[in-house]
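Hello,

I am passing a structure on to you, with some notes on its charged side chains. Please open it first and then read on.

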Amino acid sequence: MKKKYSHKKQKSTKKQYASDPVKAKKHLGQHFLKDEEVAERIGNTLTLNGYENVLEIGPGTGVLTKYILQKGKNVIAADLDTESIEYLNQSFALDHPSISTENFQVIEADFLKMNLEKLFNGKAFAITGNFPYNISTQIVFKAIENRDLVPEFTGMFQKEVAQRICEKEGSKTYGILSVLTQAYYDAEYLFTVPPTVFNPPPKVDSGVLRLIRKEDYSLPVEQKLFFRVVKTAFQQRRKTLRNSLKSFNLSLQLKEDSIFGQRPEQLSVQQFLELTQKIQHDAVSD
């Protein structure tokens, strides 16, 4: 991968970005990480197992980018902020001359609209970043949709969202995001980050997590049915499954199964898969 840097007007550009290289923009949900120690810790969440490529979403001022590049992988940084892209293309390498940018590319792109198959020519890649809170859940769902390409996913979310993704059954925060993510990935909540390490500081704590794709991430059921069962169950999470899943027109015999007497937050991911199998078989029998 060839770098695409323009070094025109090097002196004036570097002077321009010396103190505050990129201004955080509220409409993009930007909170730039300014703590080097935290940035390095996030960079070290990448295990580097099973891939040679890394996609960073929302690089901002490149504080995390530095530590990703030190891993020696092919790195693409994607952002919608033209000011950030300009800085990373024109001055980042000048501000950090000890870091090799040979395999680094910056692109202007909306991750949610990207064709990930074309990103690294169909090769596997990890996703990482300090994710905009307003689209972080959508980022996870897109990663799940492209799980064949994404063996690892790390990064920073609003703390409550990160906890929800990693939560186990029995918790009030365990829900759709928890089950659908953990059906394909092993999820681990790593550490909490306070608002004070950002500019501007958000009003909430942040949480860093790591998702590692399961060795066997194929499902024993139809995916669309599994997603529908999970989403329908949690839409009425206070009800038992016997009541919340009425729209599936289940047989009287199946509804007598003890699993239907439970509430969705009581079921593990494996039990949701077993529930879907029962429903799938019941539909075939009908």
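Which side chain meets glutamate 265 in a salt bridge? The partner is arginine 237, with 3.1 Å from N to O. A salt bridge here is a side-chain nitrogen of Lys or Arg within 4 Å of a carboxyl oxygen of Asp or Glu. Side chains of opposite charge can pair when their charged atoms come close.

Before the rest, a word on the source. This is a predicted model, where local features need pLDDT of at least 70 and side-chain atom pairs count only at pLDDT 80 or more, while totals for chains, interfaces and linings use all residues. Residues are numbered from 1 along each chain as its sequence is written, and side-chain values use heavy atoms, leaving out hydrogens and water.

The salt bridge rule gives a count of five. Among them is the bridge between lysine 73 and glutamate 52, whose closest N and O atoms are 3.2 Å apart. These two residues sit in distant parts of the chain, 21 residues apart. Lysine 73 is buried, at 11% relative accessibility, whereas glutamate 52 is partly exposed, at 49%. (Buried means under 20% relative accessible area, exposed over 50%, and partly exposed in between, using a 1.4 Å probe and protein chains only.)

Another bridge joins lysine 278 and aspartate 257, at 3.1 Å from N to O. Lysine 278 is partly exposed at 30% relative accessibility, and aspartate 257 is also partly exposed, with a relative accessible area of 23%.

Enjoy exploring!

Key: Helix = DSSP H or I, 4+ residues; strand = E, 2+ residues; numbered from the N terminus.
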